[in-house]
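Hi,

Here is the structure I promised to pass on.

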Amino acid sequence: MKLIVAVVQDQDSNRLSTALTKGDFRATKLASTGGFLKSGNTTFLIGTEDSLVPKCLDLIRDNCRSRDQMVAPVSPMGGNADSYIPYPVEVEVGGATVFVLPIEQFRHF
C-alpha cells in the first residue's frame, strides 16, 4: 500500500475531489495554508494499492493546473526599508505537490 499526500490549490480542490470519487479513490481532505504566498490549499490524503498509484497520479495531474498570479512581495524583515518598493510580481501558482509514501500497516476500525 501507498499513502499519496497531494497539496493542491483551493481552486482545484473540488474538481480533484470529484475526479477521485469517480475514479473509486477514497480521500481525506484537510485545509492547509501555503508558506510562501500564505494562500489557501487543500491537502488530500489518499490510501491506495501500489498498482493504482499511476492512475491516481494521472487524476491529480489532469485536475490540478498551474496558473500565473500577481502577488505583492513581503517587505524585508530587517535592514533599510526606505529603498524597498513593493511592486507586484507575477509568480506561477497551483499545480500539485505530491508525496508517495510506503505504508507499513493499515487498519480500519
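**What I found**

Strand 1 (residues 2-9) pairs with strand 3 (residues 40-48) in the antiparallel sense, over eight bridges. Strands, like helices, are DSSP runs numbered from the N terminus (E, at least two residues, for strands; H or I, at least four, for helices), and two strands pair if DSSP finds at least two bridges between them.

Before going on, a word on the source. This is a predicted model, where local features need pLDDT of at least 70 and side-chain atom pairs count only at pLDDT 80 or more, while totals for chains, interfaces and linings use all residues. Residues are numbered from 1 along each chain as its sequence is written, and side-chain values use heavy atoms, with hydrogens and water left out.

Put together, you get an open sheet of four strands in the order 2-3-1-6, with antiparallel pairing. Strand 2 (27-33) and strand 6 are at the edges with a single partner strand each, so one side of each has no neighbour in the sheet. On average, neighbouring strands here are turned by 20° against each other, direction ignored. (Axes are lines fitted to C-alpha atoms, for helices over the stretch in contact, and angles run from 0 to 180 degrees between N-to-C directions.)

As for the whole protein, it has two helices and six strands, and along the sequence they follow the pattern β-α-β-β-α-β-β-β.

Helix 1 (residues 10-22) has 13 residues and reaches 19 Å from first C-alpha to last, close to the 18 Å expected at 1.5 Å a residue (that is, 1.5 Å times one less than the number of residues). Helix 1 lies across strand 1, strand 2 and strand 3, at about 20° to strand 3. Its buried residues are D12, S13, L16, A19 and L20; buried means under 20% relative accessible area, with exposed over 50% and partly exposed in between (1.4 Å probe, protein chains only). Just after the helix, D24 takes a positive phi of about 65°.

Now the inside. Which residues of the largest nonpolar core touch the most other members? Of its 14 residues, they are L16, L20, F44, I46, C56 and I60. Such a core is a set of buried Ala, Val, Leu, Ile, Met, Phe, Trp, Tyr and Cys residues joined through side-chain atoms within 4.5 Å. Strand 1, helix 1, strand 3 and helix 2 (53-63) each supply at least two residues of this core, and the largest share, four residues, comes from helix 2. Leaving aside neighbours within four places in sequence, I60 is in contact (heavy atoms within 4.5 Å) with I4, A6, L16, I46, A96 and V98.

C56 counts as buried because its relative accessibility is 0%, and C64 counts as buried at 9%. A search of the whole structure finds zero disulfides, meaning pairs of cysteine sulfur atoms within 2.5 Å.

Cheers
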